[in-house]
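Good morning, and thank you for joining this meeting. Please look at the structure on the screen while I take you through a few of its features.

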Amino acid sequence: MSDPSLYKKKQRHDAIAKWLISVIGVGTILSVLAIILVIFLEIIPLFTSNTLYDKGKLELPNDIVLTSMGPWFEKSLALDKKGELHIYDLKSKTKEKTLSFARGEHQITEAFLGLDDAVTIRWSDHALTRINLGFKPTFDNQSQRTIVFNSKTQKELVTHSSPIKYGRSAQNDDGMSVFAAITVSGKLEIQTITKEENFLGEVEESKTKYLAPSESKFSHVAINESGNRLFTITEDGILEFWDIKTKKLISRGHLRFDLAERQITALTSMLGVDEAAIAFDNGDLQVAALASVDGGYLQPVIIHDVKVSDSKIEKLVSSPRNRTLFVVNEENEIIAWYSTNHRTLMQTKLEQKVDSLSISSRGHGISLLQDGNMTMWHWDSPHPEAGFKAFFGEIWYAGYDKPSYTWQSSSGSNDFESKISLVPLIYGSIKGAIYAMLFSVPLSVFAALYTSVFAGARVRSIIKPIIEMMSAIPSVVVGFLGALWLAPIVDGHLLDMVVAFPLGILILALLPIVMGQVKGRDLMMLKPGVVLIVSGMGLILSFVIGMPISSAIESSLFDGDFRNWLIEFLGGSYDMRNSIIIGITLGFAVIPIIYTISEDSISSVPKGLLSASLALGATPWQTAWRVVLPAASPGIFAAVTLGLGRAVGETMIVLMATGNTPIMNVNIFEGFRALSANIAVEMPEAPVGGTLYRTLFLSAGVLLIFTSVLNTITEMVRHRLSKTYSKL
Amino acid sequence: MKSDRFFIALTSAALAAVALMLISLILVVVYRGMGTYWVSTIHEFEMKDSKKVLGAITDVAQSKKHPEKLRYQIKVGNRDLYGLDFRWIEEEEIANRSIPTEAWCIERMEYGNFYASSAEYLEEEKEWLLKDVSGREVKVHAEHVVRIYQNNQMNVFEKGILYVDKWFELLTEEPREANTEGGLYPAIFGTILLIFVMSIVSFPFGVIAAIYMREYAKDGIVLRAVRVAVNNLAGIPSIVFGIFGLGFFVYRIGGGIDNVLFSDTLPTPTFGTGGLLWASVTLGLLTVPVVIVSTEEALSVIPKGIREGSLALGANKLQTLVKVLIPMASPGILTGFILAMTRAAGEVAPLMMTGVVKLAPSLPLDGEFPFIHLDRKFMHLGFHIYDIGFQSPNVEAAMPMVFVTTLLLLTIVISMTSGAIFLRNYMRRKYTSSHL
């Protein structure tokens, strides 16, 4: 260094470079590792995030019987005993106006807010009124939004001859209003009002009245939101489902509760057509739905049964948006519980007694009536249907005949119960991976054994790059050929394959004997390349001979159609894109991985072991099977785990070469839906931040954990193996 | 000793089976892909019910009704007249077959091929008057005719010229007819541009991270843990990277950019939707571990003596790195690059979430400022295979195109892999001979 300033400059460059490389290097590594973090950040809200926001209190006039919040936290309602409906503006916390539904001197004895945002009022003179309480947004010229009370508020009235103790109402799709009442003597009376426009354009009102012919006395009644189902409980504890149109019981069977142990305190309809929730005085909460258990007739059965509270449940309210049930117990605790996954979303204890609880029509406004005042909450529960049981547990969904693991993420109807069990998908992934392993492990391990023990360096130098080439074939190519080229071939040659397999083994067994007859053609003496070609021809020969044999067998034994016979024999169904195709295609995709790592570990078995074994008189095969293979077995195990990880995570092949139906069975002639393919199928339809979106991230997280565990095992085994060999 | 030979035959058969599968895969793709554009002979079949069928035989199979006879799949074309391009006919029902020299094949812009018994050009209307085998007439405007020829009168040389011409069309033209006809240019272009942008993202960062880990970071438990984690990430399913790309790049970062820079066009997203940039970055992330692992490996095989020699001669660390280590490791690093590019070329699952489309309205690179539009959607060969093979309404008509696309993709991937293998062998030879 003749020039000291140049030297200094170089040193400075060195320092800057060191700093830059460190920053960029660490940054790159961190951002790559951040993938894991980001995925888990998307998953976490599924299991947490249920929040109550206090929206303040409102002082109300005297004698209020019911309060309710409008759907956008801008308005709220309070109904008093006389039938005056007070509407409040929540921004200014002042009364906006009062609408009167009063009926002279008569007073309200009970008011019930239904799922359809309509209130059923029971009057002191045994009449029932039904009032629709809708709010709607209106927009002015500056597209400023204001929430107004629906001016088309509908009011209907029915009267009863005898005193009633219980009243509910609903409206069905045809515009027919249904009123159900239980009289003091326990009789069930159903009245309907149908409004029809006649040919003159006048609205005609027709009323019907119907008394249920029952010996027993009724204690509870509920009507579902769409007004076509009636749920009743008698005083001796019998739950029945009625069809309102036909006035008949839905089923011959019924459900009887043992009232000696516990008393029924509340019954309510839920979001689904045939679902009702029942609360008990010991804190139990049950959900009943229709099912035909064990192939019997349709009858109400309990599909969920959980103790949600330690004391008597006094009030039970269902959310109009999902299957959340809100419970108020004797100790003034409010519990929000989701029925599908048995998850307690919220539990909070209040000081004052709760006189009424209602949920706004959008399901996120809770209003409480306490000591004549109204308490308002914003209930933020974005993913109530998620939860450990929902993802991994066996759940009895409404409308199903038994508990099951089901994936069905979306449907057209809004009372849909989303079924987000990952179990069938994990099952599918593992099923595919196992069939792929069954196909690929014997092939690749044997091939690796041959390459590294018996084949010479020349064959090895040709085979290894070819296998590397094979690993580069895009999976979309393999999947496409499997689904559109291989599947029809396999479909037409099922029996040929069954016949060719033992025939191939037989030919391989005969091959050395036949070859041995020719002088100088002994298998041990031939060049490895020739052996390879000869055995390959043997395989082709097994199909050439096998096909006429199999068609003879097919026409004589299986009526000319082996496939039909097999389907009948095995039961279940048959898909053309089945697990055989997956076994072959997915197996083809993982053969290079298993082969390469097995070959590496077999080749790295110290040559001394081989020489020693051969010197002691073992034959080459005995050496390979008893010495080399056991010594390399940890490496082969690592190869298989790594291959398994690849097979589980592979997307395009399982997406293309199976039918993607999320079913759970081991049938080799049926397809499945894998976790990875499910992400590809459902992600485009998943709304950002929704439950399905996060559930798909959860599936990705499951895949990530699964493959990481397998990869780590592989690394550890290989590390230990190389240590062991270095000692030898 | 006898059983020895059996087991050797068995293991060699396993290897032979793997090789056979690979060979048959490549043969099928090459045969079906290469054969697609060869002009086929047009046959005319007179059926026993005196109906006539004109078209090219595309497949032969055993008949189901008459097991001893065959059945033929015929491409009859004329979708506007018959509804379907393909039909199966039973050998049993054929009364007479011939190869009419007069038959025409007309490639049209719409409704696929037309197979005509006679064709006549009407000078005034600038239209072709075509008659199908049963005499029904169709008029096609000259502008809507891509090619018109008489298959059965062409010799091998003429067919060869047409064959080359069709391949040229494939490589340079836009697709037609819901991607089942025409060219693949946008998909080829999209694939290459994707790999290119991915390389810009992945290679420098991967190499620098590897250099940091091998040459600068202190060896210890942390570094070993990072190494295991990076190795693990190289084996994580690509769909996981895809969902990450969608959730993080597209919705979070892209959505954030839209909120700040493109708020006037919202709610129509600019960067907040899948596009070339996000697909490239996602693939970049997917390939960074591959680059890190191969670069580290290439650096680690350089003997320690070379580093010490360089330092002893007065070079500082940066000079050693730039002048000695990187040149020596370059074949290994290059191999890693090629492997990463191969993986990126073949991956489809992450692209499906981050911006690949079946038909992009415009290329991501054009004459409009700023010339490269990374927010645009793009087409990709691999997705093309999935899309036209599985989402197309007329799968049978799409099959030739799927095979051609597969052939193209396979050629790209295999030639890149061969390059990588060649480079690696070259490097091995170089260093085993000059080992210190």
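I shall speak about the interface, the salt bridges, a hairpin and the cavities.

This is a predicted model, in which local features need pLDDT of at least 70, side-chain atom pairs count only at pLDDT 80 or more, and totals for chains, interfaces and linings use all residues. Residues are numbered from 1 along each chain as its sequence is written, chains are lettered from A and ligands numbered from 1 in the order in which they are written, and side-chain values use heavy atoms, with hydrogens and water left out.

Let me begin with the interface. The contact, meaning heavy atoms within 4.5 Å, involves 88 residues of chain A and 80 residues of chain B. Together the two chains bury about 7700 Å², 83% of it on carbon and sulfur atoms; buried area is the accessible area (1.4 Å probe) lost when two parts are put together, summed over both. On the chain B side, the residues that lose the most area to chain A are B:Arg5, B:Leu15 and B:Phe390, together 9% of what that side buries.

Next, the salt bridges. How many cross the interface of chain B and chain A? The rule finds one there. A:Glu42 pairs with B:Arg252, their closest N and O atoms being 3.0 Å apart.

I turn now to a hairpin in chain A. Strands here are DSSP runs of E of at least two residues, numbered from the N terminus, and two of them pair if DSSP finds at least two bridges between them. Strand β6 (residues 108-113) and strand β7 (residues 118-123) of chain A pair in the antiparallel sense over five bridges. A:Leu113 stands opposite A:Val119 in β7(A). Four residues lie between β6(A) and β7(A) in this hairpin, and A:Asp117 in the turn has a positive phi of about 65°.Finally, a search of the whole structure finds three cavities of 30 Å³ or more, each a set of 1 Å grid points where a 1.4 Å probe fits but cannot get out.

How values were computed
On a 1 Å grid over the protein atoms alone, a cavity is a set of points where a 1.4 Å probe fits but cannot get out, and a pocket is an open set with protein on both sides within 12 Å along at least five of seven lines; lining residues have an atom within 4 Å of a point. Grid points are joined across faces, edges and corners, and a volume is the space filled by probe spheres set on the points. A salt bridge is a side-chain nitrogen of Lys or Arg within 4 Å of a carboxyl oxygen of Asp or Glu.
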